[in-house]
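Subject: The structure I promised you

Hi there,

Here is the structure I said I would pass on. Have a look at it first, and then read on for my notes.

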Amino acid sequence: MKKIFSNLLLLSSLLLVTACGNAGQTTNSTSSASSDKTTDTTSGASEQQYTDPAELKDTYDVIIVGAGGAGMAAAIQAKESGANPVILEKMPIAGGNTLKSSAGMNASETKFQAEQGIEDSNQAFFDETLKGGAETNDQELLRYFVDHSASAIDWLDSMGIKLDNITITGGMSTQRTHRPSDGSSIGGYLVDGLISNVHEREIPLFVNADVVKINETDGKISGVQVKIEGEEKTIKADAVIVTTGGFGANMEMVVANKPELAGFVTTNQAGSTGDGITMIEALGGQTVDLDKIQIHPTVEQETSLLITEAVRGEGAILVSQAGTRFYNEMDTRDKVSQAIIALPEQYAYLIFDAGVKERAKAIDFYVKEGLTVESETIEGLANEIGASEADLKATLDTWNQAVTAQDDTEFGRATAMDNRLDKGPFYAIKIAPGIHHTMGGVKINTLTEVQNKANESIPGLYAAGEVTGGLHGSNRIGGNAVADIIIFGRQAGEQAATFVKK
Ligand SMILES: Cc1cc2nc3c(=O)[nH]c(=O)nc-3n(C[C@H](O)[C@H](O)[C@H](O)COP(=O)(O)OP(=O)(O)OC[C@H]3O[C@@H](n4cnc5c(N)ncnc54)[C@H](O)[C@@H]3O)c2cc1C
(Lines give C-alpha, C1' and ligand atoms only; values in the text may rest on other atoms or scores of the structure.)
Protein backbone atom coordinates (compact mmCIF):
# COMPACT_ATOMS: atom_id res chain seq x y z
CA MET A 1 0.00 0.00 0.00
CA LYS A 2 1.24 3.48 -0.75
CA LYS A 3 2.79 5.33 2.12
CA ILE A 4 2.31 9.04 1.88
CA PHE A 5 3.95 11.51 4.22
CA SER A 6 2.04 14.62 5.04
CA ASN A 7 3.68 17.96 5.86
CA LEU A 8 1.72 20.69 7.53
CA LEU A 9 3.21 23.86 6.16
CA LEU A 10 2.74 26.67 8.62
CA LEU A 11 4.20 30.06 8.05
CA SER A 12 7.65 30.22 9.64
CA SER A 13 6.77 27.52 12.12
CA LEU A 14 8.20 24.12 12.86
CA LEU A 15 7.33 21.56 10.26
CA LEU A 16 5.77 18.44 11.72
CA VAL A 17 5.54 15.54 9.34
CA THR A 18 2.83 13.03 10.04
CA ALA A 19 2.28 9.92 8.03
CA CYS A 20 -1.23 9.68 6.73
CA GLY A 21 -3.23 7.94 4.07
CA ASN A 22 -3.22 4.19 4.43
CA ALA A 23 0.09 3.83 6.15
CA GLY A 24 -1.06 4.98 9.54
CA GLN A 25 2.50 5.66 10.73
CA THR A 26 3.83 8.81 12.31
CA THR A 27 7.20 10.38 11.90
CA ASN A 28 8.71 13.69 12.94
CA SER A 29 10.75 15.91 10.72
CA THR A 30 12.59 19.11 11.48
CA SER A 31 12.61 20.46 8.01
CA SER A 32 14.78 23.40 7.04
CA ALA A 33 11.72 24.99 5.47
CA SER A 34 10.41 25.73 8.91
CA SER A 35 12.99 28.37 9.65
CA ASP A 36 13.08 29.75 6.15
CA LYS A 37 11.13 32.94 5.92
CA THR A 38 11.23 32.81 2.13
CA THR A 39 8.81 29.90 2.19
CA ASP A 40 6.16 32.28 3.46
CA THR A 41 3.29 32.67 1.12
CA THR A 42 0.56 35.22 1.08
CA SER A 43 -1.81 32.60 -0.10
CA GLY A 44 -2.30 30.52 3.00
CA ALA A 45 -0.82 27.47 4.68
CA SER A 46 -1.88 24.09 3.49
CA GLU A 47 -1.40 20.45 4.24
CA GLN A 48 0.94 18.82 1.77
CA GLN A 49 1.60 15.14 1.17
CA TYR A 50 4.68 13.41 -0.14
CA THR A 51 5.74 9.88 -1.04
CA ASP A 52 7.78 7.79 1.37
CA PRO A 53 11.46 7.76 0.20
CA ALA A 54 11.51 3.96 0.62
CA GLU A 55 9.22 3.74 -2.41
CA LEU A 56 11.70 5.31 -4.84
CA LYS A 57 12.20 2.90 -7.75
CA ASP A 58 15.22 2.44 -10.01
CA THR A 59 13.36 3.20 -13.24
CA TYR A 60 10.49 5.42 -14.41
CA ASP A 61 9.27 6.43 -17.85
CA VAL A 62 9.82 10.13 -17.22
CA ILE A 63 11.72 11.90 -14.42
CA ILE A 64 10.58 15.41 -13.54
CA VAL A 65 13.12 17.51 -11.67
CA GLY A 66 11.46 20.11 -9.45
CA ALA A 67 7.95 20.21 -7.99
CA GLY A 68 6.88 23.77 -8.76
CA GLY A 69 3.96 24.58 -11.04
CA ALA A 70 5.77 23.57 -14.24
CA GLY A 71 6.87 20.23 -12.76
CA MET A 72 3.46 19.29 -11.44
CA ALA A 73 1.68 20.39 -14.63
CA ALA A 74 4.18 18.29 -16.61
CA ALA A 75 3.64 15.27 -14.35
CA ILE A 76 -0.14 15.42 -14.57
CA GLN A 77 -0.06 15.78 -18.35
CA ALA A 78 2.57 13.02 -18.76
CA LYS A 79 0.37 10.67 -16.78
CA GLU A 80 -2.70 11.67 -18.79
CA SER A 81 -0.69 10.98 -21.94
CA GLY A 82 0.05 7.43 -20.81
CA ALA A 83 3.47 7.61 -19.14
CA ASN A 84 4.54 6.81 -15.58
CA PRO A 85 6.31 9.91 -14.27
CA VAL A 86 8.04 10.64 -10.96
CA ILE A 87 8.65 14.07 -9.45
CA LEU A 88 11.86 14.75 -7.49
CA GLU A 89 11.96 17.93 -5.37
CA LYS A 90 15.04 19.01 -3.46
CA MET A 91 13.27 21.14 -0.86
CA PRO A 92 11.26 19.71 2.06
CA ILE A 93 8.05 20.99 0.48
CA ALA A 94 6.68 21.18 -3.05
CA GLY A 95 5.66 24.46 -4.64
CA GLY A 96 8.85 26.43 -5.34
CA ASN A 97 8.30 30.04 -6.35
CA THR A 98 4.90 29.01 -7.65
CA LEU A 99 3.73 28.79 -4.05
CA LYS A 100 4.68 32.44 -3.61
CA SER A 101 2.98 33.73 -6.74
CA SER A 102 0.37 36.28 -5.98
CA ALA A 103 -1.23 38.44 -8.69
CA GLY A 104 -2.44 35.67 -10.99
CA MET A 105 -2.12 33.97 -14.38
CA ASN A 106 -2.47 35.84 -17.66
CA ALA A 107 -4.57 34.44 -20.47
CA SER A 108 -6.53 35.88 -23.39
CA GLU A 109 -9.81 34.93 -25.08
CA THR A 110 -10.85 32.89 -22.02
CA LYS A 111 -14.35 31.78 -21.17
CA PHE A 112 -14.16 33.76 -17.93
CA GLN A 113 -13.27 36.97 -19.77
CA ALA A 114 -16.18 36.35 -22.16
CA GLU A 115 -18.60 35.74 -19.27
CA GLN A 116 -17.54 39.04 -17.70
CA GLY A 117 -17.71 41.03 -20.93
CA ILE A 118 -13.94 41.62 -21.09
CA GLU A 119 -12.86 42.03 -24.69
CA ASP A 120 -9.45 40.60 -25.46
CA SER A 121 -7.52 38.88 -28.22
CA ASN A 122 -4.52 36.57 -28.45
CA GLN A 123 -2.96 39.08 -30.83
CA ALA A 124 -3.25 41.92 -28.27
CA PHE A 125 -1.73 39.62 -25.61
CA PHE A 126 1.10 38.79 -28.04
CA ASP A 127 1.74 42.42 -28.99
CA GLU A 128 1.72 43.75 -25.41
CA THR A 129 4.00 40.97 -24.13
CA LEU A 130 6.39 41.66 -27.02
CA LYS A 131 6.36 45.38 -26.27
CA GLY A 132 6.90 44.70 -22.54
CA GLY A 133 9.89 42.50 -23.40
CA ALA A 134 11.40 45.26 -25.59
CA GLU A 135 10.73 43.07 -28.63
CA THR A 136 13.50 40.67 -27.62
CA ASN A 137 11.12 37.76 -26.86
CA ASP A 138 11.38 34.43 -28.70
CA GLN A 139 8.37 35.01 -30.92
CA GLU A 140 7.73 31.33 -31.68
CA LEU A 141 7.47 30.55 -27.99
CA LEU A 142 5.36 33.65 -27.48
CA ARG A 143 2.92 32.69 -30.24
CA TYR A 144 2.50 29.19 -28.79
CA PHE A 145 2.06 30.75 -25.35
CA VAL A 146 -0.75 33.18 -26.21
CA ASP A 147 -2.54 30.65 -28.41
CA HIS A 148 -2.60 28.07 -25.58
CA SER A 149 -3.38 30.40 -22.69
CA ALA A 150 -7.18 30.03 -22.75
CA SER A 151 -6.99 26.24 -22.98
CA ALA A 152 -4.60 26.25 -20.00
CA ILE A 153 -7.25 28.10 -17.96
CA ASP A 154 -9.82 25.48 -19.09
CA TRP A 155 -7.44 22.63 -18.25
CA LEU A 156 -6.96 23.94 -14.72
CA ASP A 157 -10.70 24.48 -14.37
CA SER A 158 -11.32 20.87 -15.44
CA MET A 159 -9.10 19.81 -12.51
CA GLY A 160 -10.98 21.93 -9.98
CA ILE A 161 -8.63 24.92 -10.13
CA LYS A 162 -10.94 27.80 -11.01
CA LEU A 163 -9.37 31.16 -11.86
CA ASP A 164 -12.38 33.31 -12.67
CA ASN A 165 -11.62 36.56 -10.85
CA ILE A 166 -9.73 38.76 -13.30
CA THR A 167 -7.46 41.74 -12.64
CA ILE A 168 -4.76 43.61 -14.60
CA THR A 169 -0.98 43.98 -14.31
CA GLY A 170 1.51 46.58 -15.59
CA GLY A 171 2.02 46.73 -19.34
CA MET A 172 -1.30 45.09 -20.19
CA SER A 173 -4.19 47.00 -21.77
CA THR A 174 -7.00 44.92 -20.36
CA GLN A 175 -7.97 42.57 -17.55
CA ARG A 176 -6.38 39.21 -18.31
CA THR A 177 -4.77 38.24 -14.98
CA HIS A 178 -6.84 35.30 -13.70
CA ARG A 179 -6.93 34.52 -9.98
CA PRO A 180 -9.08 32.54 -7.53
CA SER A 181 -12.76 33.49 -7.24
CA ASP A 182 -12.33 35.41 -3.98
CA GLY A 183 -9.51 37.59 -5.36
CA SER A 184 -6.88 35.96 -3.17
CA SER A 185 -3.29 35.21 -4.18
CA ILE A 186 -2.92 32.45 -6.73
CA GLY A 187 0.11 30.56 -5.35
CA GLY A 188 -1.23 28.48 -2.45
CA TYR A 189 -4.49 27.77 -4.25
CA LEU A 190 -2.75 26.64 -7.45
CA VAL A 191 -0.14 24.51 -5.67
CA ASP A 192 -2.76 22.84 -3.46
CA GLY A 193 -4.85 22.08 -6.53
CA LEU A 194 -1.91 20.67 -8.48
CA ILE A 195 -0.73 18.51 -5.56
CA SER A 196 -4.25 17.10 -5.16
CA ASN A 197 -4.30 16.18 -8.83
CA VAL A 198 -0.83 14.63 -8.58
CA HIS A 199 -2.07 12.45 -5.72
CA GLU A 200 -5.34 11.56 -7.45
CA ARG A 201 -3.30 10.17 -10.34
CA GLU A 202 -0.95 8.35 -7.93
CA ILE A 203 2.10 10.13 -9.27
CA PRO A 204 4.99 9.68 -6.82
CA LEU A 205 6.29 13.00 -5.47
CA PHE A 206 9.48 12.83 -3.40
CA VAL A 207 10.78 15.79 -1.40
CA ASN A 208 14.31 16.24 0.00
CA ALA A 209 15.37 14.64 -3.29
CA ASP A 210 18.18 16.75 -4.73
CA VAL A 211 18.97 15.97 -8.36
CA VAL A 212 22.67 16.62 -8.89
CA LYS A 213 23.23 15.35 -12.43
CA ILE A 214 21.32 14.41 -15.56
CA ASN A 215 22.79 11.23 -17.03
CA GLU A 216 23.51 10.56 -20.66
CA THR A 217 24.44 7.16 -22.07
CA ASP A 218 25.65 6.76 -25.66
CA GLY A 219 24.35 10.24 -26.50
CA LYS A 220 20.90 9.56 -25.06
CA ILE A 221 19.35 10.88 -21.86
CA SER A 222 19.28 7.96 -19.44
CA GLY A 223 18.11 9.38 -16.09
CA VAL A 224 19.49 11.31 -13.13
CA GLN A 225 21.65 11.14 -10.03
CA VAL A 226 19.63 12.09 -6.95
CA LYS A 227 20.71 12.63 -3.36
CA ILE A 228 18.02 11.34 -1.03
CA GLU A 229 18.26 10.34 2.62
CA GLY A 230 22.01 10.92 2.60
CA GLU A 231 22.61 8.58 -0.34
CA GLU A 232 23.24 9.26 -4.02
CA LYS A 233 21.14 7.04 -6.28
CA THR A 234 20.95 6.48 -10.01
CA ILE A 235 17.40 6.61 -11.34
CA LYS A 236 16.84 5.58 -14.94
CA ALA A 237 14.41 7.07 -17.47
CA ASP A 238 14.37 7.66 -21.21
CA ALA A 239 13.14 11.21 -20.73
CA VAL A 240 13.92 13.92 -18.16
CA ILE A 241 11.89 17.10 -17.78
CA VAL A 242 13.78 19.87 -16.03
CA THR A 243 11.47 22.22 -14.12
CA THR A 244 13.87 23.53 -11.50
CA GLY A 245 12.79 27.19 -11.71
CA GLY A 246 15.05 30.22 -11.91
CA PHE A 247 18.19 31.36 -10.08
CA GLY A 248 16.87 34.41 -8.24
CA ALA A 249 18.02 33.01 -4.87
CA ASN A 250 21.55 32.25 -6.07
CA MET A 251 23.29 35.59 -5.46
CA GLU A 252 26.57 34.36 -6.90
CA MET A 253 24.89 33.46 -10.18
CA VAL A 254 22.80 36.65 -10.18
CA VAL A 255 25.81 38.89 -9.65
CA ALA A 256 27.93 36.93 -12.17
CA ASN A 257 25.30 37.66 -14.80
CA LYS A 258 24.29 41.16 -13.65
CA PRO A 259 26.87 42.73 -11.32
CA GLU A 260 24.74 45.82 -10.54
CA LEU A 261 22.32 43.62 -8.56
CA ALA A 262 24.83 42.97 -5.77
CA GLY A 263 23.20 43.80 -2.44
CA PHE A 264 19.57 43.61 -3.63
CA VAL A 265 17.09 41.55 -1.61
CA THR A 266 15.33 38.65 -3.36
CA THR A 267 11.69 37.63 -3.34
CA ASN A 268 12.59 34.06 -4.34
CA GLN A 269 12.34 30.86 -2.32
CA ALA A 270 15.64 29.29 -1.21
CA GLY A 271 15.52 26.47 -3.80
CA SER A 272 15.68 28.84 -6.81
CA THR A 273 19.38 28.28 -7.35
CA GLY A 274 19.64 27.62 -11.08
CA ASP A 275 20.57 23.93 -10.75
CA GLY A 276 18.72 23.00 -13.93
CA ILE A 277 20.68 25.52 -15.96
CA THR A 278 23.99 24.23 -14.61
CA MET A 279 23.08 20.57 -15.23
CA ILE A 280 21.84 21.26 -18.76
CA GLU A 281 24.90 23.35 -19.60
CA ALA A 282 27.01 20.33 -18.57
CA LEU A 283 25.19 18.35 -21.30
CA GLY A 284 25.98 20.97 -23.94
CA GLY A 285 22.62 22.74 -23.70
CA GLN A 286 22.30 26.29 -24.92
CA THR A 287 21.34 29.19 -22.64
CA VAL A 288 19.80 32.53 -23.54
CA ASP A 289 19.33 35.90 -21.81
CA LEU A 290 20.99 34.94 -18.50
CA ASP A 291 21.69 38.61 -17.84
CA LYS A 292 17.99 39.47 -18.10
CA ILE A 293 17.08 39.51 -14.42
CA GLN A 294 13.95 41.30 -13.36
CA ILE A 295 13.77 43.48 -10.30
CA HIS A 296 10.24 43.97 -9.02
CA PRO A 297 9.39 47.51 -7.96
CA THR A 298 7.32 46.76 -4.88
CA VAL A 299 9.24 44.65 -2.38
CA GLU A 300 9.10 45.29 1.37
CA GLN A 301 12.76 45.40 2.26
CA GLU A 302 12.81 44.11 5.84
CA THR A 303 11.00 40.86 4.97
CA SER A 304 11.79 40.61 1.21
CA LEU A 305 8.06 40.07 0.75
CA LEU A 306 6.69 40.98 -2.63
CA ILE A 307 3.73 43.34 -2.55
CA THR A 308 1.60 41.95 -5.32
CA GLU A 309 1.04 43.93 -8.48
CA ALA A 310 -2.68 43.37 -7.90
CA VAL A 311 -2.49 46.19 -5.33
CA ARG A 312 -1.69 48.65 -8.10
CA GLY A 313 -3.99 46.68 -10.42
CA GLU A 314 -6.83 47.47 -8.03
CA GLY A 315 -5.99 51.17 -7.96
CA ALA A 316 -3.03 51.96 -5.64
CA ILE A 317 -0.59 54.74 -6.49
CA LEU A 318 3.10 55.21 -5.70
CA VAL A 319 4.43 58.33 -3.99
CA SER A 320 7.93 59.46 -3.07
CA GLN A 321 8.99 60.54 0.43
CA ALA A 322 7.79 63.99 -0.57
CA GLY A 323 4.27 62.59 -0.89
CA THR A 324 4.02 63.13 -4.64
CA ARG A 325 3.54 60.74 -7.52
CA PHE A 326 6.56 60.35 -9.76
CA TYR A 327 5.73 57.76 -12.47
CA ASN A 328 2.97 55.80 -14.20
CA GLU A 329 2.50 52.98 -11.69
CA MET A 330 1.06 50.67 -14.34
CA ASP A 331 4.05 50.83 -16.64
CA THR A 332 6.19 47.69 -16.90
CA ARG A 333 8.22 46.49 -13.91
CA ASP A 334 11.61 47.45 -15.33
CA LYS A 335 10.54 51.06 -15.86
CA VAL A 336 8.72 51.47 -12.53
CA SER A 337 11.74 49.96 -10.73
CA GLN A 338 14.11 52.36 -12.46
CA ALA A 339 11.87 55.30 -11.54
CA ILE A 340 12.07 54.32 -7.86
CA ILE A 341 15.85 53.87 -8.03
CA ALA A 342 16.09 57.33 -9.60
CA LEU A 343 14.44 58.94 -6.53
CA PRO A 344 16.97 60.45 -4.10
CA GLU A 345 15.72 58.12 -1.34
CA GLN A 346 15.55 55.05 -3.68
CA TYR A 347 12.32 53.85 -2.06
CA ALA A 348 8.65 54.80 -2.34
CA TYR A 349 5.27 54.22 -0.70
CA LEU A 350 2.32 52.35 -2.12
CA ILE A 351 -0.76 54.33 -1.14
CA PHE A 352 -4.26 52.87 -1.22
CA ASP A 353 -7.64 52.99 0.47
CA ALA A 354 -10.11 50.58 2.03
CA GLY A 355 -11.61 49.87 -1.40
CA VAL A 356 -8.30 48.54 -2.77
CA LYS A 357 -7.85 46.50 0.42
CA GLU A 358 -11.27 44.97 -0.12
CA ARG A 359 -10.51 44.01 -3.74
CA ALA A 360 -6.92 42.74 -3.31
CA LYS A 361 -7.22 40.10 -0.58
CA ALA A 362 -3.44 39.70 -0.22
CA ILE A 363 -3.44 43.03 1.64
CA ASP A 364 -4.99 41.34 4.69
CA PHE A 365 -1.78 39.33 4.95
CA TYR A 366 0.40 42.45 4.66
CA VAL A 367 -1.61 44.08 7.45
CA LYS A 368 -1.26 40.96 9.59
CA GLU A 369 2.50 40.92 9.00
CA GLY A 370 2.74 44.56 10.10
CA LEU A 371 3.89 45.86 6.72
CA THR A 372 1.24 48.58 6.47
CA VAL A 373 0.70 51.87 8.26
CA GLU A 374 -2.83 53.25 8.25
CA SER A 375 -4.93 56.22 9.19
CA GLU A 376 -8.56 57.27 8.88
CA THR A 377 -7.44 60.40 6.99
CA ILE A 378 -4.92 61.20 4.29
CA GLU A 379 -3.36 63.84 6.53
CA GLY A 380 -2.96 61.22 9.25
CA LEU A 381 -1.34 58.85 6.75
CA ALA A 382 1.06 61.64 5.70
CA ASN A 383 2.17 61.90 9.32
CA GLU A 384 2.61 58.15 9.55
CA ILE A 385 5.06 58.12 6.64
CA GLY A 386 6.72 61.46 7.41
CA ALA A 387 5.44 63.26 4.31
CA SER A 388 3.87 66.71 4.09
CA GLU A 389 0.13 66.59 4.85
CA ALA A 390 -0.60 69.25 2.23
CA ASP A 391 1.42 67.54 -0.48
CA LEU A 392 -0.05 64.07 0.08
CA LYS A 393 -3.56 65.54 0.22
CA ALA A 394 -2.93 67.45 -3.05
CA THR A 395 -1.55 64.25 -4.64
CA LEU A 396 -4.67 62.27 -3.73
CA ASP A 397 -6.98 65.10 -4.86
CA THR A 398 -5.25 65.34 -8.22
CA TRP A 399 -5.27 61.55 -8.60
CA ASN A 400 -8.98 61.27 -7.79
CA GLN A 401 -9.75 63.99 -10.34
CA ALA A 402 -7.74 62.02 -12.90
CA VAL A 403 -9.77 58.87 -12.09
CA THR A 404 -13.05 60.77 -12.47
CA ALA A 405 -11.91 62.31 -15.77
CA GLN A 406 -10.21 59.03 -16.81
CA ASP A 407 -7.25 61.16 -17.80
CA ASP A 408 -3.93 61.09 -15.93
CA THR A 409 -2.42 64.26 -17.37
CA GLU A 410 0.61 64.00 -15.05
CA PHE A 411 1.98 60.55 -15.94
CA GLY A 412 -0.30 59.08 -18.59
CA ARG A 413 -1.55 56.11 -16.60
CA ALA A 414 -4.44 54.58 -18.53
CA THR A 415 -5.33 51.39 -16.62
CA ALA A 416 -6.42 50.42 -13.11
CA MET A 417 -8.31 53.70 -12.79
CA ASP A 418 -11.73 52.26 -12.04
CA ASN A 419 -12.03 53.52 -8.48
CA ARG A 420 -11.12 56.71 -6.67
CA LEU A 421 -8.94 56.45 -3.58
CA ASP A 422 -11.38 58.06 -1.17
CA LYS A 423 -12.58 55.42 1.32
CA GLY A 424 -10.84 55.52 4.67
CA PRO A 425 -8.92 54.09 6.29
CA PHE A 426 -5.96 54.86 4.06
CA TYR A 427 -2.86 52.68 3.95
CA ALA A 428 0.82 52.92 3.00
CA ILE A 429 3.50 50.29 2.49
CA LYS A 430 7.15 51.31 2.14
CA ILE A 431 8.75 49.46 -0.78
CA ALA A 432 11.83 49.36 -3.01
CA PRO A 433 12.90 47.07 -5.86
CA GLY A 434 14.09 43.49 -5.23
CA ILE A 435 15.37 40.61 -7.40
CA HIS A 436 12.33 38.78 -8.61
CA HIS A 437 12.54 36.79 -11.83
CA THR A 438 15.24 35.39 -14.05
CA MET A 439 14.00 35.77 -17.62
CA GLY A 440 16.95 33.87 -19.09
CA GLY A 441 17.59 30.15 -18.96
CA VAL A 442 17.94 27.13 -21.17
CA LYS A 443 16.82 27.36 -24.76
CA ILE A 444 13.81 25.26 -25.76
CA ASN A 445 11.66 25.03 -28.87
CA THR A 446 7.84 25.04 -28.81
CA LEU A 447 7.93 21.29 -28.12
CA THR A 448 9.95 22.14 -24.95
CA GLU A 449 12.89 20.15 -26.31
CA VAL A 450 16.15 21.51 -24.91
CA GLN A 451 18.39 22.89 -27.64
CA ASN A 452 22.12 22.36 -27.89
CA LYS A 453 24.53 25.03 -29.11
CA ALA A 454 23.87 24.01 -32.73
CA ASN A 455 20.12 24.58 -32.18
CA GLU A 456 19.41 20.84 -32.29
CA SER A 457 17.14 19.12 -29.80
CA ILE A 458 18.85 16.95 -27.19
CA PRO A 459 16.79 13.72 -27.46
CA GLY A 460 14.83 12.95 -24.30
CA LEU A 461 15.64 16.24 -22.57
CA TYR A 462 12.78 18.67 -21.95
CA ALA A 463 12.49 21.84 -19.87
CA ALA A 464 9.67 24.17 -18.88
CA GLY A 465 9.03 27.17 -16.65
CA GLU A 466 11.45 29.65 -15.18
CA VAL A 467 14.45 27.41 -15.92
CA THR A 468 13.93 28.27 -19.60
CA GLY A 469 14.66 31.56 -21.35
CA GLY A 470 13.38 33.52 -24.29
CA LEU A 471 9.64 33.78 -23.80
CA HIS A 472 9.68 36.97 -21.74
CA GLY A 473 12.50 38.77 -23.55
CA SER A 474 14.18 41.43 -21.44
CA ASN A 475 11.23 42.09 -19.11
CA ARG A 476 8.51 39.74 -17.89
CA ILE A 477 4.95 40.97 -17.62
CA GLY A 478 3.24 40.23 -14.28
CA GLY A 479 1.03 37.14 -14.62
CA ASN A 480 2.94 35.70 -17.57
CA ALA A 481 5.17 33.36 -15.54
CA VAL A 482 2.32 31.36 -14.07
CA ALA A 483 0.84 31.10 -17.56
CA ASP A 484 4.27 29.97 -18.84
CA ILE A 485 4.59 27.13 -16.31
CA ILE A 486 1.14 25.72 -16.97
CA ILE A 487 1.25 26.06 -20.78
CA PHE A 488 4.79 24.76 -21.29
CA GLY A 489 4.67 22.38 -18.30
CA ARG A 490 1.74 20.61 -19.97
CA GLN A 491 3.50 20.61 -23.29
CA ALA A 492 6.65 19.08 -21.74
CA GLY A 493 4.58 16.33 -20.10
CA GLU A 494 2.86 15.47 -23.35
CA GLN A 495 6.00 15.56 -25.46
CA ALA A 496 8.06 13.49 -23.01
CA ALA A 497 5.28 10.89 -22.77
CA THR A 498 5.11 10.68 -26.56
CA PHE A 499 8.90 10.37 -26.75
CA VAL A 500 9.15 7.45 -24.33
CA LYS A 501 6.36 5.55 -26.12
CA LYS A 502 8.26 5.63 -29.43
C1 LIG B 1 6.95 36.36 -4.56
C2 LIG B 1 6.65 35.97 -5.97
C3 LIG B 1 5.42 36.29 -6.53
C4 LIG B 1 5.13 35.94 -7.85
N5 LIG B 1 3.90 36.23 -8.37
C6 LIG B 1 3.62 35.87 -9.64
C7 LIG B 1 2.33 36.07 -10.19
O8 LIG B 1 1.41 36.48 -9.52
N9 LIG B 1 2.12 35.73 -11.48
C10 LIG B 1 3.12 35.22 -12.27
O11 LIG B 1 2.87 34.94 -13.43
N12 LIG B 1 4.34 34.98 -11.76
C13 LIG B 1 4.61 35.27 -10.46
N14 LIG B 1 5.84 35.00 -9.95
C15 LIG B 1 6.79 34.24 -10.76
C16 LIG B 1 6.36 32.78 -10.79
O17 LIG B 1 5.82 32.42 -9.54
C18 LIG B 1 7.51 31.84 -11.12
O19 LIG B 1 8.23 32.29 -12.23
C20 LIG B 1 7.00 30.46 -11.42
O21 LIG B 1 6.10 30.04 -10.42
C22 LIG B 1 8.13 29.47 -11.56
O23 LIG B 1 7.57 28.18 -11.65
P24 LIG B 1 8.50 26.94 -11.95
O25 LIG B 1 7.65 25.75 -11.83
O26 LIG B 1 9.26 27.17 -13.20
O27 LIG B 1 9.56 26.99 -10.77
P28 LIG B 1 9.31 26.88 -9.21
O29 LIG B 1 7.90 27.05 -8.85
O30 LIG B 1 10.30 27.76 -8.55
O31 LIG B 1 9.66 25.35 -8.92
C32 LIG B 1 10.94 24.83 -9.16
C33 LIG B 1 11.18 23.74 -8.13
O34 LIG B 1 12.35 23.00 -8.48
C35 LIG B 1 13.06 22.71 -7.28
N36 LIG B 1 14.44 22.41 -7.58
C37 LIG B 1 15.43 23.28 -7.92
N38 LIG B 1 16.57 22.62 -8.12
C39 LIG B 1 16.33 21.30 -7.92
C40 LIG B 1 17.12 20.13 -7.95
N41 LIG B 1 18.44 20.17 -8.23
N42 LIG B 1 16.55 18.93 -7.67
C43 LIG B 1 15.21 18.84 -7.35
N44 LIG B 1 14.42 19.95 -7.28
C45 LIG B 1 14.97 21.16 -7.57
C46 LIG B 1 12.87 23.97 -6.46
O47 LIG B 1 13.13 23.77 -5.10
C48 LIG B 1 11.41 24.30 -6.75
O49 LIG B 1 10.53 23.70 -5.83
C50 LIG B 1 6.13 35.31 -8.62
C51 LIG B 1 7.36 34.98 -8.07
C52 LIG B 1 7.63 35.29 -6.74
C53 LIG B 1 8.96 34.93 -6.17
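This is a predicted model: local features need pLDDT of at least 70, side-chain atom pairs count only at pLDDT 80 or more; totals for chains, interfaces and linings use all residues.

**Overall form**

For a chain of 502 residues, a compact globule would have a radius of gyration near 23 Å, and the value here is 22 Å, which agrees. Along the principal axes, the C-alpha atoms fill a box of roughly 70 × 50 × 45 Å. The secondary structure consists of 15 helices and 23 strands. If you look at contacts between residues at least 6 apart in sequence, 72% of them join residues at least 24 apart.

The accessible surface comes to about 18,400 Å², and carbon and sulfur atoms account for 47% of that.

The contact between them takes 32 residues from domain 1 and 27 residues from domain 2.

**Around α3 and α5**

Two helices are worth a visit in your viewer. Helix α3 spans residues 122-132, and its buried residues are Asn122, Phe125, Phe126, Glu128, Thr129, Leu130 and Gly132. What covers them? The cover of the buried α3 residues includes β6 (105-106), α4 (139-147), α5 (149-158) and α15 (480-501). After α3 comes Ala134, which has a positive phi near 55°.

Helix α5, then, is part of that cover, and α5 has burial of its own to report. Because 7 of its 10 residues are buried, α5 is largely enclosed by the rest of the structure. The buried residues of α5 are Ser149, Ala150, Ala152, Ile153, Trp155, Leu156 and Asp157. Following α5 is Gly160, with a positive phi near 90°.

Is Thr372 buried or exposed? Thr372 has a relative accessibility of 14%, so it counts as buried, the cut-off being under 20%. Thr372 sits in strand β19 (residues 372-375). Setting aside neighbours within four places in sequence, Thr372 is in contact with Phe352, Tyr366, Val367, Tyr427, Ala428 and Ile429.

Glu384 belongs to helix α13, residues 378-385. With a relative accessible area of 47%, Glu384 is partly exposed. Beyond its neighbours within four places in sequence, Glu384 is in contact with Val373 and Glu374. Val373 is 11 residues away from Glu384 along the chain, and their C-alpha atoms are separated by 6.7 Å.

A contrasting pair is Glu200 and Ser222: these are 22 residues apart along the chain, and their C-alpha atoms are separated by 28 Å. Glu200 is found in helix α6 (residues 187-200). At 62% relative accessibility, Glu200 counts as exposed.

**Backbone details to check**

- The peptide bond from Gly424 to Pro425 is cis, with omega near 0°. Pro425 is in the loop between α14 (389-405) and β20 (426-438).
- Asn208 is not a glycine, but has a positive phi of about 55°. Asn208 is in the loop between β9 (205-206) and β10 (209-217), and at 42% relative accessibility Asn208 counts as partly exposed.
- Asn455 also has a positive phi, of about 60°, although it is not a glycine. The loop that holds Asn455 runs between β22 (449-451) and β23 (457-463), and Asn455 counts as partly exposed at 44% relative accessibility.

That is my tour for now. Happy to hear what you make of it.

Best wishes

Note on methods:
Residues are numbered from 1 along each chain as its sequence is written. Side-chain values use heavy atoms; hydrogens and water are left out. Helices (H or I, at least four residues) and strands (E, at least two) are DSSP runs, numbered from the N terminus. Buried means under 20% relative accessible area, exposed over 50%, partly exposed in between (1.4 Å probe, protein chains only). Contact means heavy atoms within 4.5 Å. The radius of gyration is taken over C-alpha atoms; the globule rule is 2.2 Å times the number of residues to the power 0.38. Accessible areas come from the Shrake-Rupley method with a 1.4 Å probe; for residues, only the protein chains shown count as cover.
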